[in-house]
Amino acid sequence: MNIQEILSSGNIPTYVSVMLKGFGAAVISHLCATVCRDCGKPSVADLVETAGKLEIFILCLPLISDIMRTAAALLEI
């Protein structure tokens, strides 16, 4: 059973799915940045790390939206 089947089966909450995707994005961007630094391109490495952080932020936007909706619902009570 692969990761995609596990995530689509509904046994793992959405938050864990986002966390796993964010972890994967962090690992890949870190590896790419390390390769860029080893090749003597530290400015490209900084851009790769920034892009990885931006990707993680974009992955979290639906969760942030859910939190804002929950907070708004609590404030209406």
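The chain has three helices and zero strands. Helices are DSSP runs of H or I with at least four residues, strands are E runs of at least two, and both are numbered from the N terminus. Along the sequence the pattern reads α-α-α. This is a predicted model: local features need pLDDT of at least 70, side-chain atom pairs count only at pLDDT 80 or more, and totals for chains, interfaces and linings use all residues. Residues are numbered from 1 along each chain as its sequence is written, and side-chain values use heavy atoms, without hydrogens and water.

| Item | Value |
|---|---|
| Buried share of the 77 residues | 13% |
| Accessible surface of the chain | about 6000 Å² |
| Carbon and sulfur share of that surface | 70% |
| Span of α3, first C-alpha to last | 49 Å |

Buried means under 20% relative accessible area. Accessible areas come from the Shrake-Rupley method with a 1.4 Å probe, and for residues only the protein chains shown count as cover.

Now to α3. It has 35 residues, and its span is close to the expected 51 Å. That expected span is 1.5 Å times one less than the number of residues. A kink of about 40° lies at L61, shortly before the proline P62. The bend is the angle between axes fitted to the seven residues ending there and the seven starting there.

Which residues of α3 are buried? They are A45, G52 and L63. The buried residues of α3 pack against α2 (14–38), where contact means heavy atoms within 4.5 Å.

How values were computed. Buried < 20%, exposed > 50% of the residue type's maximum accessible area, 1.4 Å probe, protein only.
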